[in-house]
Amino acid sequence: MRFHTRKWIKPEDLNANGTLFGGRLLEWIDEEAALYSIVQLDNQKVVTKYISEIDFKTSAKQGDVVEIGIEAIKFGKASLTLSCEVRNMRTRETIITISNIVMVNIGPNGQALPHGKTEVEYVADRLR
């Protein structure tokens with residue numbers, strides 16, 4: 001899994017227990033999944049259709065830096081299924097895992113649009 005994004009845990013990211021608020025982390029994951037899908041599907045219109053079971057393993061506290069990893073696991077006709085892991089950058093401890101996040105490619109009419117993609121493309125490959 002490649003870890004593309006890092007987030008620094010600040011006071012506004014904490015819950016009443018003084019640890020990272022799960023809703024904030026899910027917001028970051030959803031945004032990262034959307035950005036990853038936009039790049040892979042070459043379309044700025046993608047939506048989150050489904051997020052499977054979310055498994056919180058450890059927490060993070062103020063001052064920690066977390067890394068968000070996203071990996072494509074399946075290309076559907078108009079969808080892209082991803083998996084996610086978030087870990088503490090310093091300790092490498094897993095904070096959360098999500099097995100399936102389904103993103104859907106959307107056309108100009110707001111409906112699912114087949115994307116024709118079958119495998120992960122890297123920027124270096126597109127520039128050749």
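## Overall architecture

How many helices and strands does the chain have? The chain has two helices and six strands, where helices (H or I, at least four residues) and strands (E, at least two) are DSSP runs numbered from the N terminus. Read from the N terminus, the order of elements is β-α-β-β-β-β-β-α.

This is a predicted model, in which local features need pLDDT of at least 70 and side-chain atom pairs count only at pLDDT 80 or more, while totals for chains, interfaces and linings use all residues. Residues are numbered from 1 along each chain as its sequence is written, and side-chain values use heavy atoms, with hydrogens and water left out.

## Dimensions, surface and contacts

Taken along the principal axes, the box filled by the C-alpha atoms of the chain is roughly 45 × 30 × 20 Å. The accessible surface comes to about 7600 Å², and 49% of this area belongs to carbon and sulfur atoms; accessible areas come from the Shrake-Rupley method with a 1.4 Å probe, and for residues only the protein chains shown count as cover. Of the 128 residues, 40% count as buried. Buried means under 20% relative accessible area, exposed means over 50%, and partly exposed lies in between (1.4 Å probe, protein chains only).

## The nonpolar core

A nonpolar core is a set of buried Ala, Val, Leu, Ile, Met, Phe, Trp, Tyr and Cys residues joined through side-chain atoms within 4.5 Å. The largest such core holds 25 residues, and Leu25, Ile29, Leu82, Cys84, Val86 and Ile101 touch the most other members. Two or more residues each are given to this core by helix H1 (22–41), strand S4 (65–75), strand S5 (79–88) and S6. H1 supplies the largest share, seven residues.

Not counting residues up to four places away in sequence, leucine 82 touches Ala33, Tyr36, Ser37, Ile70, Glu71, Ala72, Ile73, Ser99, Asn100, Ile101 and Met103.

Asparagine 105 belongs to strand S6 and is buried, because its relative accessible area is 3%. Its side chain makes a polar contact with the side chain of asparagine 43 at 2.9 Å. A polar contact is a pair of N or O atoms within 3.5 Å; within protein, one must be able to donate a hydrogen and the other to accept it, and residues adjacent in sequence count only if both atoms are side-chain atoms. Leaving aside neighbours within four places in sequence, asparagine 105 is in contact with residues including Leu41, Asn43, Lys45, Val46, Ala78 and His115.

Histidine 115 lies in the loop between S6 and H2, and it counts as buried at 12% relative accessibility. The side chain of histidine 115 reaches the backbone nitrogen of lysine 117 at 3.0 Å. Beyond its neighbours within four places in sequence, histidine 115 is in contact with Leu41, Phe75, Gly76, Lys77, Ala78, Ser79 and Asn105.

Asparagine 109 is placed in the loop between strand S6 (94–105) and helix H2 (123–126). This residue counts as exposed, because its relative accessibility is 60%. The side chain of asparagine 109 reaches the backbone nitrogen of glutamine 111 at 2.9 Å. A separation of 36 Å lies between the C-alpha atoms of asparagine 109 and phenylalanine 21, which are 88 residues apart along the chain.

Valine 39, in helix H1, counts as partly exposed at 40% relative accessibility.

## Positive phi values

Most residues other than glycine have a negative phi. Aspartate 42 has a positive phi, near 55 degrees; this residue sits in the loop between H1 and strand S2 (46–51) and is exposed, with a relative accessible area of 60%. Arginine 92 also has a positive phi, near 65 degrees. Arginine 92 is found in the loop between S5 and S6 and counts as partly exposed at 46% relative accessibility.

## Aromatic rings

Arginine 87 lies over the face of phenylalanine 3, at 3.6 Å from the ring centre. A charge sits over a ring if NZ of Lys or CZ of Arg is within 6 Å of the ring centre and within 35 degrees of the ring normal.

Note on methods: Contact means heavy atoms within 4.5 Å.
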